[in-house]
Amino acid sequence: MSRYKITFLPMNVTVESDASAPKPADDGTPGSVLAIAIDGGINIDHACGGVCACSTCHIVVKEGIDSLRAAEDDEEDALDNVPGLTLNSRLACQAVPDGSADLTVEIPDWNRNAVSE
Ligand code: FES
């Protein structure tokens, strides 16, 4: 499977993507959950612009975590500083799905960007 869906909570909005054609990104790694969210009109804070330097793009993966590329050391280090860290926490700017499963991710309250542009 290379086409897959990501459902973002709590807004319960689902965005489709294709792992064989990763979304290019101005912010975050191409094909990342952040790139897909931005493309789908979902606001996730990303203060550092997606370079793994701020951890404001923290997400909690509720389903499909095994389809994400493993976290590198710099992502693990950044995650150490997030409030509400869970075993399923990732940084949206670094988490790249391989398309083997659909995902459900939750954006924690404190890093939901309520500004609509
Ligand atoms: S946007 Fe800064 S770490 Fe992801």
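**Close-up 1. Strand 1 and strand 2 pair in the antiparallel sense.** In this predicted model, strand 1 covers residues 3–9 and strand 2 covers residues 13–18, and the two are joined over 6 bridges. Within this pairing, Arg3 is the residue that stands opposite Asp18 of strand 2. The hairpin that these two strands form has 3 residues between the strands, and in it Asn12 adopts a positive phi near 55 degrees.

**Close-up 2. Strand 1 also pairs with strand 5, here in the parallel sense.** Strand 5 is made up of residues 103–106, and its pairing with strand 1 runs over 4 bridges. A reader who wishes to locate this pairing can look for Ile6, which stands opposite Leu103 of strand 5. Strand 1 therefore has two pairing partners in these views, because at least two bridges are needed for strands to pair, and strand 1 has 6 bridges with strand 2 and 4 bridges with strand 5.

**Close-up 3. Arg90 is a buried residue of strand 4.** Strand 4 consists of residues 89–91 and includes Arg90, whose relative accessible area is 7%; Arg90 therefore counts as buried, because this value falls under the 20% cut-off.

Note on methods
Residues numbered from 1 in each chain as written. Predicted model: local features only at pLDDT ≥ 70, side-chain atom pairs only at ≥ 80, totals over all residues. Heavy atoms only, no water. Buried < 20%, exposed > 50% of the residue type's maximum accessible area, 1.4 Å probe, protein only.
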